[in-house]
Amino acid sequence: MPSLFKPHHWRRWLALAAALVLIVVSGKWAEQRELQAKTLTLRQASAAHVLGLRGLVEKHDFLPYAAARHPDVQNLLHTPHDAALQARVNHYFAGLQTTTGAAALFLVDTAGLTLAASNWNLPSSFVGQSYHQRPYFEDAVQGRRGLFYGLGLTTGQSGLFIAEPVHTPQGILGVLVVKISLEPLERSWMRGAYPVVLRDSRGIVFLSAIPDWLFQSTKPVPAADLQWISAHSQYGARTRFDILPWKTATSSDTPAFVLQAPIQGRNTDFLALDTPLPELGWTLTVTEDMREVHQARRLAHVLATLAVALLLLGVLYWRLRDRRFAEQQAARLELEHRVEERTRDLQEAHAFRQAMEDSLLVGMRARDPEGKIIYVNPALCAMVGYSREELMGRRPPYPYWHPDDLEKQARESDDALQGRAAPHGFESRIRHKDGHDVITMVYTAPLIDAAGVRRGWMSSVVDITAQKQAEARQRDQEVRLQRSARLASVGEMASTLAHELNQPLMALSNFAVAARTLANCDAPELLTGALDDIIEQAKRASEIVKRVRALINPQRADYASLAIDSVIAHAETLLKPELDRYGVTLQLVSSDTTAQVRGDRVLLEQVLVNLIHNAVQAMQDQPRHRRAIVLSSERAGPGIRIAVSDHGPGIPADQIDQVFAPFFTTKPDGLGLGLNICRTIIEAHGGSLTVENRADGGAIFSFTLPTAP
């Protein structure tokens with residue numbers, strides 16, 4: 001009995017083990033590579049969905065704040081039984097609801113009773129309903145901004161509620177609420193290829209592309225949370241939330257995880273990624289099908305097996321050559337004795353080569369000079385759906401030619417038969433026997449026999465249908481991402497205009513009220529002055545719009561050489577009434593009165609106005625002898641440094657890194673855009689804006705601008 005531990009047996013077992021390891025490792029590598037690509041796709045899809053969610057919220061975020069300051073709204077809280085005033089507010093809310101696309105707007109007094117609503121004329125009107133148990137009302141009536149998602153008590157329809165307290169000189173007299181519907185977003189998710197889910201902080205699904213998952217939870221909901229949900233009627237009359245039928249498995253290589261969930265009665269594997277939205281208290285989950293990951297692993301196994309087989313065949317072929325050479329040497333000594341054995345070896349080698357050709361995954365086709373098919377391998381037969389017997393001996397047009405491309409394929413066939421085929425191959429669409437299309441790459445070379453005579457043409461045909469489909473999906477993904485980026489840019493520009501136009505529009509309103517009062521008095525010179533102020537503020541609003549457009553398109557900016565002292569002096573003139581009203585002293589300190597910078601006067605004045613206005617508001621609670629602002633300008637290397645320092649409370653250490661972030665504010669009625677816009681303007685002028693706290697109390701906002709050449 002031969003031993004299994006002979007040296008050549010060990011080498012065979014070692015080679016077999018190495019081949020198996022190579023196949024397994026290649027499959028693992030392909031799987032990880034596809035997982036990373038899928039994870040990147042999930043990140044991009046998640047970013048697009050997050051932009052859509054935040055854009056929807058930010059679109060309506062300012063609405064309750066702006067509507068709460070309408071005179072009729074505040075007057076209705078003082079005289080809630082004035083029917084005419086209530087009608088005007090109802091129509092005002094209905095107009096805002098139509099213009100902004102919000103689901104509803106309504107005004108609630110401090111007892112929770114609705115006084116006016118945009119749907120006052122519908123059977124489901126909110127007017128007269130009480131919402132005192134709603135969390136958004138409880139937050140707003142205490143002076144905080146309220147944010148709450150749940151089912152409506154009156155309509156039963158879900159929505160996101162944003163509430164703002166209505167501040168008056170007498171304090172908070174009511175709450176203005178805007179309801180936003182997320183149902184259009186949910187419908188768009190349902191049209192998507194893969195599930196998208198939105199959960200609250202307790203893990204309860206309240207928005208889903210799969211309706212069966214709604215109002216189910218990823219984990220058991222504690223009894224205290226169930227009591228809170230029931231007390232506030234967040235999800236209607238529901239008192240229990242079943243656990244989602246999900247099975248998850250995490251991966252140490254990617255932040256994504258594998259999610260197995262039943263879809264239409266069949267368990268499906270998805271690659272999922274969670275994205276938290278801390279400002280809303282939600283978690284967004286996006287998914288991708290895992291089938292392509294499994295296919296990539298199987299394909300890698302097949303390719304690695306093919307590579308190992310080809311390597312093995314090459315080694316065997318080399319050994320066969322050596323053997324044949326030895327046989328030829330021995331045949332010189334005993335030719336007759338070895339003829340039969342050599343013939344048998346040649347037959348085995350031919351059969352072996354035939355087996356190699358039949359095992360190839362690439363389609364092979366041989367034609368004679370007239371185009372008649374003289375050879376096809378099984379891979380080509382599988383690719384076109386016709387058997388070897390149906391193809392052998394056929395001349396153009398071949399049965400698998402696509403009926404829409406007959407002229408093109410006839411031309412390509414003639415070029416190949418005439419030796420004019422492109423050396424890098426050409427793409428060809430063929431029609432499978434069962435009717436589906438297959439995209440292929442065809443490479444053609446001369447078929448030369450052992451005597452060096454060209455007997456025809458050999459073509460290799462590669463199926464690239466999957467590659468083409470992947471490229472199409474990639475192009476579609478890029479188009480969706482570009483559309484999301486454009487929507488984000490439009491939202492940012494709208495927020496900037498809303499913030500910057502606030503001051504001139506409020507001034508226009510004040511001057512208009514004064515002009516109406518003066519029109520009834522015998523003071524034409526005062527009326528003329530008020531009208532001049534209205535014209536000046538209207539021009540200023542126009543300039544702000546022009547400059548905001550310049551920030552978006554720098555080629556439109558109006559840059560010129562400016563004396564920085566003149567910019568500071570004009571900003572002081574604009575703010576003098578406010579400084580006098582609050583008893584604030586503005587001290588100007590300049591070490592170089594001739595310094596000039598290159599920039600846009602209106603934008604730089606707007607930066608100074610915003611910084612000084614913030615300093616005035618920061619010192620409202622300080623004694624009068626400390627209400628002083630120092631505005632200084634001095635040389636700083638190749639530029640000018642302008643600083644605005646106050647004697648207010650300063651900025652908390654844990655918030656100093658956030659003051660320039662969009663929508664971050666410490667003021668109850670602030671939008672959180674002023675400092676962000678100021679920094680954008682300074683950076684557009686080639687400078688930088690910074691903040692630091694004073695040692696003796698207060699804050700210093702300073703920015704640098706390069707001097708004009």
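**Labels and their grounds**

In this predicted model, Arg598 lies in strand β19, which spans residues 596–599.

Q: Why is Arg598 called partly exposed?
A: The relative accessible area of Arg598 is 46%, and because the label covers values between 20% and 50%, Arg598 counts as partly exposed.

Q: What makes Tyr559, Ala560 and Ser561 contacts of Arg598?
A: A contact requires heavy atoms within 4.5 Å, and, with neighbours within four places in sequence left aside, Arg598 meets this with Tyr559, Ala560, Ser561, His685, Pro706 and Ala708. For Ala560, which is 38 residues away along the chain, the separation between C-alpha atoms is 5.2 Å.

Q: Why is Leu312 called partly exposed?
A: Leu312, found in helix α8, has a relative accessible area of 48%; exposed would need over 50%, so Leu312 is partly exposed. The C-alpha atoms of Leu312 and Ala15 are 9.6 Å apart in space, although 297 residues separate the two in sequence.

Q: What makes Leu299, Val302, Leu303 and Leu361 a nonpolar patch?
A: A patch takes residues with over 30% relative accessible area, and nonpolar side chains are joined within 5 Å. Leu303, in helix α8 (residues 291–331), has 46% and is therefore above that cut-off while still partly exposed. Together the four residues of the patch have about 360 Å² of accessible area.

Q: Why is Phe215 called buried?
A: Buried means under 20% relative accessible area, and Phe215, at 16%, therefore counts as buried. Phe215 sits in the loop between β7 (205–208) and α7 (223–231), where its phi is near 55°, a positive value in a residue other than glycine.

Q: How do you know that Ser233 is buried?
A: Its relative accessible area is 18%, which is under the 20% cut-off, so Ser233 is buried. Ser233 belongs to the loop between α7 and β8 (247–250), and its phi, near 50°, is likewise positive in a residue other than glycine. Most residues other than glycine have a negative phi.

Q: What makes the peptide bond from Pro396 to Pro397 cis?
A: Its omega is near 0°; Pro397 lies in the loop between α11 (388–391) and α12 (406–417). Most peptide bonds are trans.

Q: What makes the largest nonpolar core a core?
A: A core is a set of buried nonpolar residues joined through side-chain atoms within 4.5 Å, and the largest such set has 52 residues, with Leu176, Trp282 and Leu284 having the most contacts inside it. Helix α1 (residues 7–61) supplies the largest share of this core, five residues. Apart from it lies another core, of 40 residues, including Ala595 and Cys678.

Key. Residues numbered from 1 in each chain as written. Predicted model: local features only at pLDDT ≥ 70, side-chain atom pairs only at ≥ 80, totals over all residues. Heavy atoms only, no water. Patch = residues over 30% accessible without salt bridge, like charges linked within 9 Å, V, L, I, M, F, W, Y side chains within 5 Å. Areas by Shrake-Rupley, 256 points an atom, 1.4 Å probe, with all protein chains shown as cover. Salt bridge = Lys/Arg side-chain N within 4 Å of Asp/Glu carboxyl O. Helix = DSSP H or I, 4+ residues; strand = E, 2+ residues; numbered from the N terminus. Buried < 20%, exposed > 50% of the residue type's maximum accessible area, 1.4 Å probe, protein only.
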